[in-house]
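Please open the model in your viewer and keep the sequence panel beside it, as the tour below moves from one selection to the next.

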Amino acid sequence: MRPGYRPRVADDPAADPEFGPRGYLPERASKRARKIVLRAPLGVQWILASLVAGLVVVVAGVLLLTRGGAAPGPPFVEVGPVADVAGTVTFDEQLDLLLVGLGGRVRAFDAPAEVDYCPASRRLESPDGRVWSLTGRGTGGESSFAEHPTATSDGLLYVDPTASVPPPSPTADAVPAGCS
């Protein structure tokens with residue numbers, strides 16, 4: 001033993017006083033705070049717990065991958081292929097909704113049938129000069145359109161006609177119509 005060192009006596013008389021109790025942090029390590037010396041191996045319960053946790057993650061991943069592409073159930077209604085709506089603005093007579101397939105996603109709005117897309121202004125416009133953005137936000141104080149949730153699965157578009165998101169507040173800035 002080194003000079004001036006006084007070993008601690010463990011609670012268990014059979015324990016080796018040279019190493020101290022389990023989880024003992026040697027003086028040199030405590031000063032440097034670099035490592036903790038574990039004096040006992042981890043039990044079998046830790047191995048079993050890690051295997052069970054890994055199994056839970058694998059099962060959840062398999063379920064997510066196998067069920068993730070399923071078509072949404074009611075109240076969603078199938079509208080048709082996404083390719084028919086992408087890049088266009090069409091009015092669906094059956095659902096009485098305006099389908100806007102511009103800007104990277106398909107949106108469904110409660111909008112009048114006469115609203116159409118104007119390529120010159122890149123906005124939605126009505127024949128009487130009212131203007132909306134592609135997100136349904138009204139301009140010049142015009143009321144905005146309420147949006148319905150949409151989903152796609154296997155190249156098909158689905159819309160929930162029973163639910164709608166409250167429309168955004170309109171902007172006060174008047175935007176001139178580009179096509180009417």
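Begin by selecting β2, β3, β4 and β8, which in this predicted model form an open sheet in the order β2-β3-β4-β8, with antiparallel pairing. Colour residues 89-92 (β2) and 147-148 (β8) separately: these strands stand at the edges, and because each has a single partner strand, one side of each is left without a neighbour in the sheet.

Next, select residues 107-109, which make up strand β4 and are joined to β8 by two bridges, the two strands running antiparallel. Within this pair, look for Ala108, which stands opposite His148 of β8.

Now show the side chains of the largest nonpolar core, a set of eleven residues that includes Val89, Phe109, Trp132 and Phe145. Leu98 also belongs to this core, and if neighbours within four places in sequence are set aside, Leu98 is in contact with Val89, Thr90, Phe91, Arg107, Ala108, Phe109, Ala111, Val115 and Leu124.

Finally, return to the whole chain, where three helices and ten strands make up the secondary structure, and where the elements follow one another from the N terminus as α-α-β-α-β-β-β-β-β-β-β-β-β.

Notes
Residues are numbered from 1 along each chain as its sequence is written. This is a predicted model: local features need pLDDT of at least 70, side-chain atom pairs count only at pLDDT 80 or more; totals for chains, interfaces and linings use all residues. Side-chain values use heavy atoms; hydrogens and water are left out. Helices (H or I, at least four residues) and strands (E, at least two) are DSSP runs, numbered from the N terminus. A nonpolar core is a set of buried Ala, Val, Leu, Ile, Met, Phe, Trp, Tyr and Cys residues joined through side-chain atoms within 4.5 Å. Buried means under 20% relative accessible area, exposed over 50%, partly exposed in between (1.4 Å probe, protein chains only). Contact means heavy atoms within 4.5 Å. Two strands pair if DSSP finds at least two bridges between them.
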